[in-house]
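Keep the viewer open as you read.

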Amino acid sequence: MPKLEITLPDDGGQSSNELLDEFITIGRLADNTIQIEDISVSSHHGQLTLEGGHYRLKDLGSTNGTFVNGEPTTEKLLKDSDIIRFGQIEAVYLSGVSGEAASTRPLPEKGDAPVAAAKSSARPLGFANASPFKASKKKKDPLALGILAFTGLSILVFVGAIWGILMLHPPGQ
């Protein structure tokens, strides 16, 4: 039985949806077969159509796009263990066909992996600062700067006055 396992980022929860119908719509509104209540998912984001035991995924003109295994797609025949992203929400397609489970696939041959330059240098969706702290925005306060300068000058005058007093010699010596 084919499934679509959706991982929700807020609570880390996962929902497993059995794919039973020939046509399945996915989106944010309640009239979809599979509803994903996330702002990054369009109201009618995508559609799955059954074709010979597997589902074909079609993007329905979504705002944030549909990605399969990290590649943007408008239409693609899904394979077992494909990772699908609807906006910011990730899902895994499990075909349920015996012999296709990821654990039974042979390992790739040992060798050098091909290296290719990046297709784009655009910032990934959802990229955020890695620091857990918000960036501090220091604003210059002219009043505080004036008070600090006055205090520093006062300390210098005070130290000079003490030094002058200590350097005085009594008359006649």
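1. Let's start with strand 6 and strand 9 (residues 75–77), which pair in the antiparallel sense over three bridges. Strands here are DSSP runs (E, at least two residues; helices are H or I, at least four), numbered from the N terminus, and two strands pair if DSSP finds at least two bridges between them. K58 has E75 in strand 9 as its bridge partner.

2. A quick word on the model: it is predicted, so local features need pLDDT of at least 70 and side-chain atom pairs count only at pLDDT 80 or more, while totals for chains, interfaces and linings use all residues. Residues are numbered from 1 along each chain as its sequence is written, and side-chain values use heavy atoms, with hydrogens and water left out.

3. Strand 6 (residues 54–59) also pairs with strand 5 (residues 46–51), antiparallel, over six bridges. These two make a hairpin with two residues between them, and G52 in the turn has a positive phi of about 60 degrees. Look for L50 too: its bridge partner in strand 6 is Y55.

4. Now find the open sheet of six strands, antiparallel, in the order 2-1-11-10-7-8. Strand 2 (14–18) and strand 8 (71–73) are at the edges with a single partner strand each, so one side of each has no neighbour in the sheet.

5. Within that order, strand 1 (residues 3–7) and strand 11 (residues 89–94) run antiparallel and are joined by five bridges. L4 has Y93 in strand 11 as its bridge partner.

6. Finally, V159 sits in helix 1 (residues 142–166).
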